[in-house]
Every structure is written in C-alpha cells, then in structure tokens.
Amino acid sequence: MSIAQDFSRGIMRENPVFKQALGMCPFLAVTTSVENALGMGAAATFVLVFSNFLVSLFRKVIPSKVRIPSYIVIIATFVTLVDLLMNAYLPALHSSLGIFIPLIVVNCIILGRAEGFANKNKVLPSIADGIGMGLGFTLAMVIMATFREILGNGSWLGFNLLGESYQNQPMLIAILAPGAFILMAFILGFFNIMEKRKRGGAR
Amino acid sequence: MGEIIRVGSMLMLVAAIAAVALGYVNSVTSPIIAEQKEQAKLDAMIDVAGSLASGELMFDSLSVPDLANPYAEVDETLAVVSVNDSAGVELGYLFVAYGKGYSSTVQTMIAVNTAGTLTGNTVLYQQETPGLGANVSNPARFLYQFDGLNASSLLLSKDGGDLDAITGSTITSRAVTNSVRNGLDALSAAGIIPVSGGAQ
C-alpha cells in the first residue's frame with residue numbers, strides 16, 4: 001500500500017467515526033459547536049500522529065504481551081507532555097485547545113490505530129495513517145457539530161445564521177446530550193444507505 | 001518465570017522513562033505556567049478596573065479585619081484589591097467570586113465602586129458545558145446585565161429578581177449571580193461598601 005492510500009483511507013473509506021465507530025465519546029460530547037469540533041479534531045490529530053510515530057518506532061522493542069499497557073503509558077505520557085508544554089509556551093493555543101487535551105487520553109481512536117496499524121507498519125505509513133485518521137475524525141466532528149450548532153444555537157462557527165429571535169428560543173435538544181444521540185443515528189443511517197447504494201450500483 | 005521477569009522489566013522500563021520525562025518537563029514548565037496565570041490575572045484586573053475610571057490606576061491589596069469569606073471551600077481568604085487613582089483617591093474594589101456551577105467552579109473577577117455598585121466583570125475560569133453554560137464567558141449573553149446593579153438586585157428572574165439566565169443554563173447563571181451577591185454581602189458586612197437597601 002502506498003503512503004497516499006494510507007493517508008486517504010482514514011478520511012472516507014475507513015472513517016474512524018462513520019465506518020469504525022471509534023471515538024464515539026468525544027464525538028458525542030464536544031460536538032456542541034463547530035469551534036469545539038475543530039479544536040478537538042486538531043488536538044486529536046496532533047496526538048494521533050505522534051503516538052503512531054512512537055508506537056511504530058518501538059514496535060520491535062516492546063514485547064507483544066505487554067504492548068497494550070505500554071501503548072497506554074506512551075500515549076498518556078505524550079498527551080501530558082503536550083499539555084504541559086503547550087500551557088507553558090503556547091498559552092493562547094492552550095486556552096482554546098486546553099480543555100480537550102485530557103479528553104484525548106480516553107479517545108479510543110488513538111489506541112485503536114496504535115494497535116490496528118502502527119504496531120505492524122513502518123514509521124512513515126504510520127504517520128500518514130495518523131494524519132488521515134485525524135482528518136477523518138475532524139471531518140466527522142465538524143459535520144455533526146454543524147447540525148448541532150445550527151439547530152441548537154442558530155449559529156455556525158460563532159456566526160449568527162438564523163437571527164436573534166431564533167437564538168432566544170433555539171431547538172435546545174440538538175445541543176443537549178439526547179440530541180447528539182438522535183443526530184448521530186441519522187448521520188450513521190445516511191452513511192449506511194450510501195454504502196448500500198454504492199454496492200447495489202456495482203453489482 | 002524468566003519470561004515474566006523479562007516482559008515485566010520491559011514494562012517497568014517504559015514506565016520509568018515516561019516518569020522521568022514527565023518529571024523533567026513538569027519541573028521546567030510549572031514556574032512558567034504559574035507566572036502566566038499571574039499575568040493573566042493581572043491583565044484581567046487592569047481590564048476590569050478600567051470600568052471604574054480611565055487613566056492611571058493603582059492597585060493595593062486591602063486587609064480588612066472581620067472580613068467573612070463566603071468562598072471558604074475553594075479559597076483560603078477573600079482577597080480584596082482596592083483601586084486608587086494616581087492621586088490616591090479610592091475608586092472601588094476588585095475581588096474574585098467563586099460560584100459552583102454545573103461542572104466547574106466559575107471564577108468571576110468583579111469590580112465594584114465605593115458606593116457598592118457593580119461596574120465591570122470578566123470570567124477568569126469556567127469549564128461549563130460547551131454551547132450552554134460556557135456561554136457565560138460571552139458577556140453579551142448574561143454578565144452585561146450586572147453593570148449598575150448592587151447586591152440587592154442580583155437575583156435571577158426565576159428567583160424573584162430581574163436577571164435573565166442563559167437559556168438552558170440556569171445552574172451556571174445562578175451560581176455566578178449568587179457568588180457575586182455573597183461577595184458583595186461580605187464586603188458590606190465588613191463595612192467596605194455601604195449595605196444596599198431592599199430585599200437582603
């Protein structure tokens with residue numbers, strides 16, 4: 001497989017949220033606004049690339065029996081380092097992304113890609129896979145957040161779209177937890193229909 | 001047996017490297033982070049105090065006997081800073097109100113003039129629900145209503161006052177409102193600002 005294929009696979013064909021159903025927790029929790037979705041996506045992509053890099057680099061050193069605890073230690077350490085360094089040297093970025101960083105430790109996409117890809121592949125394809133999966137995750141989050149922010153707050157990325165009168169009485173359920181589940185069902189259903197159509201067409 | 005020791009020591013090595021790396025980076029970054037927090041607080045003080053008067057302002061920490069601390073759970077003392085103009089005339093006071101919201105303790109820096117009227121505020125810290133309670137950081141959604149009020153009029157409309165809570169975020173709005181009112185009450189009980197008439 002070429003690097004380009006490793007990269008593009010995560011965006012649509014094996015999109016972590018829509019196709020692998022990974023990372024559902026942040027997908028439901030932080031998609032209340034497009035800004036949050038972009039922030040979480042950027043932070044997760046960053047960590048994903050470096051954790052894939054580290055896991056791939058040490059894949060031959062770490063005994064397979066303790067690989068999962070080792071990956072968790074590597075990922076948690078790396079996330080904490082990023083949190084501390086960003087807080088100290090990039091405070092502006094930290095104040096917008098900071099709240100998402102501790103959440104990344106529990107994002108199963110990171111561990112999923114470490115186990116599913118990086119520990120069997122060389123460093124460069126692993127990095128490409130990390131970028132692709134990260135972008136796919138970001139894309140999925142932004143799609144979901146677009147629906148939730150427009151319906152639940154009348155705005156998109158902070159810009160007021162539907163006017164003051166809508167913002168005073170929005171469809172609040174879209175921004176609350178039940179709305180996240182309902183919208184997720186619609187979005188996943190849509191992608192399943194598309195998948196079926198595509199297969200039907202090929203036959 | 002040898003296998004277990006080999007595998008176990010490998011895991012221990014990974015954890016040891018991680019611990020050393022974390023310890024080192026923490027020791028390097030923690031003073032910088034603390035300094036930045038101080039700086040952010042100072043910036044907020046200058047920003048909020050600008051609502052009392054324009055021009056050169058002097059800050060002085062105020063020590064008051066008998067000042068009750070309504071935020072004893074989260075901070076050891078209620079630190080009040082007096083704001084003076086360049087001639088030394090006292091214009092008002094700054095303090096930080098802590099209110100337990102939905103998912104965090106909302107910290108709001110408050111400026112109050114010597115007559116006990118609120119003139120400015122800014123949210124220093126909150127981790128409320130994004131899209132709901134987190135809107136408290138946007139002054140146009142809620143906190144703009146505070147300017148010009150005194151302790152007796154700080155009540156949500158649901159609690160019998162005139163303040164409109166953020167839609168879907170009554171807990172956050174109430175936490176901030178009540179924490180500011182408790183702070184003002186503590187100041188007036190200690191004789192720093194006049195007791196506001198009315199409901200209290």
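Author: Let's start with overall shape. Chain B has a radius of gyration of 22 Å, whereas a compact globule of 200 residues would come out near 16 Å. (That radius is taken over C-alpha atoms, and the globule rule is 2.2 Å times the number of residues to the power 0.38.) The C-alpha trace of chain B spans about 80 × 45 × 30 Å along its principal axes. For the C-alpha trace of chain A, the spans are about 60 × 55 × 25 Å.

A word on what you're looking at. This is a predicted model, where local features need pLDDT of at least 70 and side-chain atom pairs count only at pLDDT 80 or more, while totals for chains, interfaces and linings use all residues. Residues are numbered from 1 along each chain as its sequence is written, with chains lettered from A and ligands numbered from 1 in the order in which they are written.

How confident is the predictor? The model scores ipTM 0.71 and pTM 0.76. Going by pLDDT (the predictor's confidence in each residue, from 0 to 100), chain A has a mean of 86, with 98% of its residues at 70 or more. Chain B has a mean of 87, and 97% of its residues get to 70 or more. Within chain A, the element with the lowest mean pLDDT is helix α5 (residues 91-97), at 76, and the highest is helix α8 (residues 123-153), at 93.

Now the parts list. Chain A has 10 helices and two strands, and chain B has two helices and five strands. (Both are DSSP runs numbered from the N terminus: helices are H or I with at least four residues, strands E with at least two.) Chain B reads α-β-β-β-β-β-α from the N terminus on.

On to where the chains meet. The contact takes 24 residues from chain A and 20 from chain B; two residues are in contact if their C-beta atoms, placed from the backbone, lie within 7 Å. On chain B, the side touching chain A splits into 13 nonpolar, seven polar and no charged residues. (Ala, Val, Leu, Ile, Met, Phe, Trp, Tyr, Cys and Pro count as nonpolar, Asp, Glu, Lys and Arg as charged, and the others, Gly among them, as polar.)

Zoom in on α4(A) and helix α1 (residues 2-49) of chain B: their axes are 9 Å apart, at an angle of about 10°. So α4(A) is roughly parallel to α1(B). (Axes are lines fitted to C-alpha atoms, for helices over the stretch in contact, and angles run from 0 to 180 degrees between N-to-C directions; under 35 degrees is roughly parallel, over 145 roughly antiparallel, 65 to 115 roughly perpendicular, the rest oblique.) Residues meeting here include V73(A), L81(A) and L84(A) from α4(A), and L11(B), V14(B) and L22(B) from α1(B). By class, that contact has 15 nonpolar, six polar and no charged residues.

What sits behind? Helix α4 (residues 67-89) of chain A also meets helix α7 (residues 108-118) of chain A, with axes coming within 11 Å and crossing at roughly 130°. That pair is therefore oblique. Y71(A), I72(A) and I75(A) of α4(A) touch I110(A), L111(A), A114(A) and E115(A) of α7(A), giving six nonpolar, no polar and one charged residue.

Finally, α7(A) packs with helix α3 (residues 34-57) of chain A at about 35°, axes 9 Å apart. In this contact, V47(A) and L48(A) are among the α3(A) residues, and I110(A) and A114(A) among those of α7(A). The class count is eight nonpolar, three polar and one charged.
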